[in-house]
Amino acid sequence: MAGAFVTAEGFGSAVAEAVAEFFERTDQEASEAVAEAGEATAALLRSTSPKDEGEYARGWKADVRAERFGEHEAVVHQAAKPGLTHLLENGHAKFTGGKPTGETTPAIPHIEPAYEHGSEVLRGLMGL
């Protein structure tokens with residue numbers, strides 16, 4: 001479209017076409033940035049998870065969803081052991097033989113720092 005000459009009658013459609021191309025290109029760039037930030041978050045979780053060599057660490061996945069034009073979302077989730085995330089992130093009561101011991105395991109915050117890292121990656125990719 002750059003350098004195109006249009007008549008006065010075609011001006012409106014030329015502007016509409018240029019705007020549509022701009023938004024399509026911008027939407028694609030945003031989708032790629034969201035995917036990259038999601039993968040960066042999952043990669044950090046794989047490397048910093050409390051069970052760094054096991055199934056839990058390997059279970060972090062990132063998926064990108066685009067509900068409609070202009071809306072992109074990276075969902076980072078624990079595919080292998082989803083119920084373990086809350087217990088590790090926040091700590092939990094200890095039980096022996098089904099009875100509480102009165103002790104708790106310490107929290108191992110690893111999800112929130114990875115979220116912050118992914119947010120920073122996205123802001124950097126988007127120039128914010």
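How many helices and strands does the secondary structure of the protein chain come to?

**View 1. The fold, end to end.** The protein chain has four helices and four strands (DSSP runs, H or I of at least four residues for helices and E of at least two for strands, numbered from the N terminus). Starting at the N terminus, the order is α-α-β-β-α-β-β-α. The radius of gyration is 23 Å, well over the 14 Å of the globule rule for 128 residues, so the chain is more spread out than a compact globule (C-alpha atoms; the rule is 2.2 Å times the number of residues to the power 0.38). Along the principal axes, the C-alpha atoms fill a box of roughly 85 × 20 × 20 Å. This is a predicted model: local features need pLDDT of at least 70, side-chain atom pairs count only at pLDDT 80 or more, and totals for chains, interfaces and linings use all residues. Residues are numbered from 1 along each chain as its sequence is written, and side-chain values use heavy atoms, with hydrogens and water left out.

**View 2. F22 meets F23.** The structure holds two aromatic pairs (Phe, Tyr or six-membered Trp rings with centres within 6.5 Å; planes under 30 degrees apart are stacked, over 60 edge-to-face, the rest tilted). In this one, the ring centres of F22 and F23 sit 5.4 Å apart with planes at 70°, so the pair is edge-to-face. F22 is partly exposed at 43% relative accessible area, and F23 is partly exposed at 44% (buried is under 20%, exposed over 50%, partly exposed in between; 1.4 Å probe, protein chains only).
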